[in-house]
Structure formats: structure tokens, C-alpha cells
Amino acid sequence: MPSFALLMVAIAVEVAATSALPKSQGFTNVPWTIAVAAGYLVAIWLLTVVVQKMDVSIAYAIWSGGGTAAIAIVGYLW
């Protein structure tokens with residue numbers, strides 16, 4: 001999978017984990033807490049795979065900016 005596509009998957013996973021964060025109820029709901037933690041771990045792991053083929057400055061800027069923009073849109077829609 002090309003680096004940019006993998007980066008988009010990392011952003012999508014991060015946004016999904018962030019969107020599930022309220023369901024964890026302050027990390028007291030164990031199944032949702034595990035899902036959120038797993039989502040963040042997968043997103044960061046995917047980012048580490050991406051930076052092996054892409055400059056970290058570019059990858060991180062796209063990852064953080066894209067994730068922030070996407071979660072803002074999700075928050076607005078929900």
C-alpha cells in the first residue's frame with residue numbers, strides 16, 4: 001500500500017478512536033476504553049510505518065492536521 005494511502009488509514013483509525021472516546025465514560029467503561037486505546041495504538045503504529053518511507057515532518061503534519069480537521073467535522077455532524 002502506498003505511504004499516502006496508509007497515512008489516510010492511520011488518520012481514519014485515529015478519528016474513529018477519538019470519536020469513541022466519549023463512550024469510554026472517563027475510562028470507566030472497560031470495553032470502550034480498550035477499543036479507544038487499541039485504536040490509538042494502531043494509528044500510531046501505522047504512522048511509524050509511514051515515516052519509514054516519508055519524511056516525518058510531512059507525515060506528522062498531514063496526520064495531525066487531517067485528524068484534527070476530520071474530528072472537527074465529525075463533532076459538528078454528531
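In the predicted model, helices H1 and H3 pack with their axes 9 Å apart and at an angle of about 40°. On the side of H1, the contact is formed by Phe4, Leu7, Met8, Ala10, Ile11, Glu14, Val15, Thr18 and Ser19. H3 contributes Ala59, Ile62, Trp63, Gly66, Gly67, Ala70, Ile71 and Val74. Sorted by class, the contact of H1 with H3 comprises twelve nonpolar, four polar and one charged residues.

H1 also packs against H2, here at an angle of about 160° and with the axes 8 Å apart. This angle makes H1 roughly antiparallel to H2, because it is over 145 degrees. The crossing of H1 and H2 is left-handed. Residues of H1 in this contact are Ser3, Leu6, Leu7, Val9, Ala10, Val13, Glu14, Ala17, Thr18 and Ala20. Those of H2 are Trp32, Val36, Gly39, Tyr40, Val42, Ala43, Leu46, Leu47, Val49 and Val50. By class, the contact of H1 with H2 consists of 16 nonpolar, three polar and one charged residues.

These helices belong to a protein with three helices and zero strands, and the order of elements from the N terminus is α-α-α. Along the principal axes, the C-alpha atoms occupy a box of roughly 40 × 25 × 20 Å. The protein has 78 residues, of which 27% count as buried. Among contacts with a sequence separation of 6 or more, 64% are between residues 24 or more positions apart.

In soluble globular proteins, nonpolar side chains tend to be buried together. In this model, the largest nonpolar core is made up of twelve residues, namely Leu6, Leu7, Ala10, Ile11, Val15, Ala43, Leu46, Leu47, Val50, Met54, Ala59 and Trp63. Two or more of these residues come from each of helix H1 (3–20), H2 and helix H3 (56–77). H1 supplies the largest share of the core, with five residues. Trp63 is a member of the core and also takes part in the contact of H3 with H1. Apart from neighbours within four places in sequence, tryptophan 63 is in contact with Leu7, Ala10, Ile11, Glu14, Ala43, Ile44 and Leu47.

Leucine 41 is located in helix H2, which spans residues 30–50. Its relative accessibility is 61%, so leucine 41 counts as exposed, the cut-off being over 50%. The C-alpha atom of leucine 41 is separated by 9.5 Å from that of valine 13, a residue 28 positions away along the chain. Valine 13 is itself one of the H1 residues in the contact with H2.

Alanine 72 is placed in helix H3. With a relative accessible area of 48%, alanine 72 is partly exposed, because this value lies between the limits of 20% and 50%. From C-alpha to C-alpha, alanine 72 is 26 Å from methionine 54, and the two residues are 18 apart in sequence. Methionine 54 is one of the twelve residues of the largest nonpolar core.

Notes
Residues are numbered from 1 along each chain as its sequence is written. This is a predicted model: local features need pLDDT of at least 70, side-chain atom pairs count only at pLDDT 80 or more; totals for chains, interfaces and linings use all residues. Side-chain values use heavy atoms; hydrogens and water are left out. Helices (H or I, at least four residues) and strands (E, at least two) are DSSP runs, numbered from the N terminus. Buried means under 20% relative accessible area, exposed over 50%, partly exposed in between (1.4 Å probe, protein chains only). A nonpolar core is a set of buried Ala, Val, Leu, Ile, Met, Phe, Trp, Tyr and Cys residues joined through side-chain atoms within 4.5 Å. Contact means heavy atoms within 4.5 Å. Axes are lines fitted to C-alpha atoms, for helices over the stretch in contact, and angles run from 0 to 180 degrees between N-to-C directions. Ala, Val, Leu, Ile, Met, Phe, Trp, Tyr, Cys and Pro count as nonpolar, Asp, Glu, Lys and Arg as charged, and the others, Gly among them, as polar. Angles under 35 degrees count as roughly parallel, over 145 as roughly antiparallel, 65 to 115 as roughly perpendicular and the rest as oblique. A crossing is left-handed if the near helix is turned anticlockwise from the far one by less than a right angle, and right-handed if clockwise.
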